[in-house]
Amino acid sequence: PVMLQQLEDLRPRPDDTGLAHALRLSDLLMSETAGARFFAAFRLILDRMAASLDHRHAAADRRLVALIALTRVLFLYFVQAKGWLDGRPDYLRTLLDGALSRGRNFHRSALAPLFFGTLNRQPADRSRRLHLGAIPYLNGGLFEPHPVERRLAPVGFSNSLWRDAFDQVFERFRFCVREAEEVD
């Protein structure tokens with residue numbers, strides 16, 4: 001199944017430009033570990049997201065809020081790789097693309113309901129208005145509002161920052177649970 005997924009990942013996506021496809025192929029075919037490249041890309045988007053928040057707040061608080069948001073999405077990429085987000089390997093990307101195509105703010109219209117109205121609640125306690133699919137209940141506290149988020153509220157990042165986070169970080173690297181078993 002891993003090799004089939006790798007072949008599927010090599011296929012052009014309908015919305016790929018030539019350059020986007022070439023960059024994705026380059027990343028998929030690289031034999032070096034992605035650790036250093038991933039953390040460099042992650043650090044860049046983290047800095048940009050922190051800088052986008054209201055400068056009346058302390059730099060450390062802005063950075064922490066950005067780190068929390070990115071860490072939640074990073075964790076969800078591993079959950080997605082297990083097939084636990086509505087059974088879809090492209091759940092998060094599709095959620096982003098859907099919000100953007102409808103002209104909605106991704107953070108406010110998709111991530112906040114996913115984090116704070118779905119993942120942190122038992123299925124019976126979820127709003128009937130949310131149509132996010134079969135999503136597990138994760139009760140570890142990661143999807144509860146952090147005190148710094150409450151202090152800086154409302155917190156939200158622009159669609160362009162989220163698009164860059166997905167394009168430059170989350171969609172450029174392969175997320176797997178056990179790398180030695182899943183990736184050559």
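Author: This is a predicted model. Start with Asn105. Leaving out residues up to four places away in sequence, Asn105 touches Ala110, Phe157, Ser158 and Asn159.

Reader: Where is Asn105 found, and why is Asn105 called buried?

Author: Asn105 is in the loop between H5 and H6. Its relative accessible area is 19%. Buried means under 20%, so Asn105 counts as buried.

Reader: How do you know that Asn105 caps H6?

Author: A side-chain oxygen of Asn105 lies 3.1 Å from the backbone nitrogen of His107. The limit for a polar contact is 3.5 Å.

Reader: Why is H6 called largely enclosed?

Author: Because 10 of its 14 residues are buried. Among them are Phe106, His107, Leu111, Pro113 and Phe115. The buried residues of H6 pack against helix H4, helix H5 and helix H8.

Reader: Which residues touch the most other members of the largest nonpolar core?

Author: Trp162 and Phe170, in a core of 44 residues. H3, H4, H5, H6, H7 and H8 each supply at least two residues of this core. H4 gives the most, with 10 residues.

Reader: Which backbone oxygens lie by the side chain of Asn120?

Author: Those of Phe116 and Phe143. The oxygen of Phe116 lies 3.4 Å from a polar atom of that side chain. For the oxygen of Phe143 the distance is 3.2 Å. Both values fall within 3.5 Å.

Reader: What makes Glu149 and Arg72 a salt bridge?

Author: Their N to O distance is 2.7 Å. The cut-off is 4 Å, so the pair qualifies. Glu149 lies in helix H7 and Arg72 in helix H4, so the bridge ties together parts that are 77 residues apart in sequence. At 11% relative accessibility, Glu149 counts as buried. Arg72, at 2%, counts as buried too.

Reader: Which residue does Asp61 pair with?

Author: Arg151, with the closest N and O atoms 3.2 Å apart. Asp61 in helix H4 and Arg151 in helix H7 are 90 residues apart.

Reader: Why is Arg151 called exposed?

Author: Its relative accessible area is 54%. Exposed means over 50%, so Arg151 is exposed.

Reader: How many salt bridges does the structure hold?

Author: The structure holds 10. One of them joins Glu171 and Arg93, at 3.1 Å. Both residues are buried. Through shared partners, salt bridges join Arg88, Asp90, Arg93 and Glu171 into one network.

Conventions: Residues are numbered from 1 along each chain as its sequence is written. This is a predicted model: local features need pLDDT of at least 70, side-chain atom pairs count only at pLDDT 80 or more; totals for chains, interfaces and linings use all residues. Side-chain values use heavy atoms; hydrogens and water are left out. A polar contact is a pair of N or O atoms within 3.5 Å; within protein, one must be able to donate a hydrogen and the other to accept it, and residues adjacent in sequence count only if both atoms are side-chain atoms. Buried means under 20% relative accessible area, exposed over 50%, partly exposed in between (1.4 Å probe, protein chains only). Helices (H or I, at least four residues) and strands (E, at least two) are DSSP runs, numbered from the N terminus. Contact means heavy atoms within 4.5 Å. A nonpolar core is a set of buried Ala, Val, Leu, Ile, Met, Phe, Trp, Tyr and Cys residues joined through side-chain atoms within 4.5 Å. A salt bridge is a side-chain nitrogen of Lys or Arg within 4 Å of a carboxyl oxygen of Asp or Glu.
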